[in-house]
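Here's a quick briefing to read alongside the model. Have the sequence and the 3D view open as you go.

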Amino acid sequence: MCQSRHLLKFLSYTERLSFGIYLTHCFLIVLLDHFLDTNWSIKWVIISSLSCIIVMIATILLPEQAKYYLGFK
């Protein structure tokens, strides 16, 4: 029961950041596609993880107005 609650909490948190994650992952695909010469599944994991990390850090560091304009809020 506790694990499912943590999973739902994480999914709810990423849902709130989904637009920022989407925008960030589009940029990362263009940027990293030339540097990562691996199969698509490894690229997917790397780009998805980096997108989430970037948006999570940005929500901590950026002021409210910047988060609003970047779609991180």
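This is a predicted model: local features need pLDDT of at least 70, side-chain atom pairs count only at pLDDT 80 or more; totals for chains, interfaces and linings use all residues.

A residue counts as buried when its relative accessible area is under 20%, exposed when over 50%, and partly exposed in between, using a 1.4 Å probe and protein chains only. Numbering runs from 1 along each chain as its sequence is written, and side-chain values use heavy atoms, with hydrogens and water left out.

**Overall layout**

- The chain has four helices and zero strands, where helices (H or I, at least four residues) and strands (E, at least two) are DSSP runs numbered from the N terminus.
- Reading along the sequence gives you the pattern α-α-α-α.
- The C-alpha trace spans about 35 × 35 × 15 Å along its principal axes.
- Of the 73 residues in the chain, 23% count as buried.
- The accessible surface comes to about 5,900 Å², and 71% of it belongs to carbon and sulfur atoms; areas here come from the Shrake-Rupley method with a 1.4 Å probe, and for residues only the protein chains shown count as cover.
- Taking contacts (heavy atoms within 4.5 Å) with a separation of 6 or more, 51% are between residues 24 or more positions apart.

**Around Ser51**

- Ser51 sits in helix H3.
- Leaving aside residues up to four places away in sequence, Ser51 touches Ile21, Thr24, His25 and Leu28.

**Salt bridges**

- Side chains of opposite charge can pair when their charged atoms come close.
- A salt bridge here is a side-chain nitrogen of Lys or Arg within 4 Å of a carboxyl oxygen of Asp or Glu, and the structure holds two.
- One of them joins the side chains of Asp33 and Lys43, at 2.9 Å from N to O.
- That pair links distant parts of the chain, 10 residues apart: Asp33 is in the loop between helix H2 (18-32) and helix H3 (40-61), while Lys43 is in helix H3.
- Asp33 is partly exposed, at a relative accessible area of 42%.
- Glu64 and Lys67 also meet through their side chains in a salt bridge, at 3.0 Å from N to O.
- Both Glu64 and Lys67 lie in helix H4 (residues 64-70), three residues apart, or about one turn of the helix.
- Glu64 is partly exposed at 43% relative accessible area, whereas Lys67 is buried at 9%.

**Cysteines**

- How many disulfides are there? The count is zero, going by cysteine sulfur atoms within 2.5 Å.
- The sulfur of Cys26 is 13 Å from the closest cysteine sulfur, which belongs to Cys52, so they're too far for a bond.
- Cys26 is partly exposed, with a relative accessible area of 29%.

**Aromatics**

- Rings of Phe, Tyr and Trp (its six-membered ring) pair if their centres lie within 6.5 Å; planes under 30 degrees apart are stacked, over 60 edge-to-face, and the rest tilted.
- That rule gives one aromatic pair.
- The ring centres of Tyr68 and Tyr69 are 5.5 Å apart with planes at 70 degrees, so the pair is edge-to-face.
- Tyr68 and Tyr69 are both exposed.
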